[in-house]
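This report goes through one protein chain, section by section. Please keep the sequence and the 3D view open while reading.

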Amino acid sequence: AWIGPASDTDDEAALEALAVAWALPGAGRLWRTLVHERQWAQRVGVGVSAGRLGGEVHVTADVRTGVAAADVAAVLDDELARLAAGELDPRALARAVERREAGVLWRLDGIGRRAAMLLTAELTTGSPAGVTRGVERARALTVDQVAAAARRWLAPARAVEVVTRPGRGDPST
C-alpha cells in the first residue's frame, strides 16, 4: 500500500487506469504474471481509494501456500521498474479507459446509483459535473502520464507491506 493522490486529479485517473492495466483478470499484466504464468497467487487486485485530501493505493495478492511473499514483492518491484521505464501496453491503457466509461454508464442505471454518483461528484469536486471530468481525464491519459504518476506515488521505498497468514488456532478466541 502507498499514500495516494486526492480525488479529481490527473494522478488519480492515471493510477486508476494502472490498476485495471495490472489487475484485470485474464488481461492485467500483474494478474497474468502472478496468477496465470507463475501460478503464485490465486487472485491479484489493485485499488485506488481517493478522497478530498488524499488517498491510498493497494496491491493485494492471495498467495498460494508455499510461495514466499518476498518473491511476489520482487515481481511487483519488477513491474514498477518496467512501468517507470514506460513499459505499459497502450491497449491496456485504452481498455482501462473504456472500463471507466462503462462504469460511469452502469451507475446511471437506477435512481439510487445515479444519485450516489452525483453526490460523490459534488462532495469531491464541488459540482455534479465532476462525474464527466473523471472520464475526460481518463480519455486524455498517455502511457507517459501513467508512468509519471506511478513514479510519483508508487516508489518501492514508500510502500507499506502487510503479510497475513491463516491462523491454526481456535477461531472462537
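The term covers values between buried (under 20% relative accessible area) and exposed (over 50%), computed with a 1.4 Å probe on protein chains only. Aspartate 11 is buried, because its relative accessible area is 13%. The two residues form a salt bridge, with the closest N and O atoms 2.8 Å apart. A salt bridge here means that a side-chain nitrogen of Lys or Arg lies within 4 Å of a carboxyl oxygen of Asp or Glu. Aspartate 11 belongs to helix α1 and arginine 152 to helix α7 (residues 143-153), so the pair links distant parts of the chain, 141 residues apart. Helices (H or I, at least four residues) and strands (E, at least two) are DSSP runs, numbered from the N terminus.

The model is predicted: local features need pLDDT of at least 70, side-chain atom pairs count only at pLDDT 80 or more, and totals for chains, interfaces and linings use all residues. Residues are numbered from 1 along each chain as its sequence is written, and side-chain values use heavy atoms, leaving out hydrogens and water.

## Other salt bridges

Side chains of opposite charge can pair when their charged atoms come close. How many salt bridges does the rule give? The count is twelve. One of them joins the side chains of aspartate 8 and arginine 137, at 2.7 Å from N to O. Aspartate 8 sits in the loop between β1 (2-4) and α1 (10-23), while arginine 137 is in helix α6 (residues 130-140), 129 residues apart. Arginine 137 is partly exposed, at 23% relative accessibility.

Another salt bridge connects aspartate 109 with arginine 113, whose closest N and O atoms are 3.4 Å apart. Both ends are partly exposed: aspartate 109 has a relative accessible area of 44%, and arginine 113 has 35%. Elsewhere, salt bridges with shared partners join Asp8, Asp10, Arg133 and Arg137 into one network.

## The sheet

Three strands form an open sheet in the order β1-β3-β2, with antiparallel pairing. The edge strands β1 and β2 each pair on one side only. Neighbouring strands are turned by 25° against each other on average, direction ignored. Helix α1 packs on the sheet and touches β2 and β3, and its direction makes about 170° with that of β2. Contact means heavy atoms within 4.5 Å; axes are lines fitted to C-alpha atoms, for helices over the stretch in contact, and angles run from 0 to 180 degrees between N-to-C directions.

Strand β2 (residues 41-50) pairs with strand β3 (residues 55-63) in the antiparallel sense over nine bridges. Two strands pair if DSSP finds at least two bridges between them. Which residue of β3 is the bridge partner of alanine 41? The partner is valine 63. Serine 49 stands opposite glutamate 56 in β3. A hairpin of four residues joins β2 to β3.

## Glycine 51

Glycine 51 is found in the loop between β2 and β3. This glycine is partly exposed, with a relative accessible area of 22%. Glycine 51 touches Ala6 and Ser7, when residues up to four places away in sequence are not counted. The C-alpha atoms of glycine 51 and threonine 125 are separated by 9.9 Å, and the two residues are 74 residues apart along the chain.
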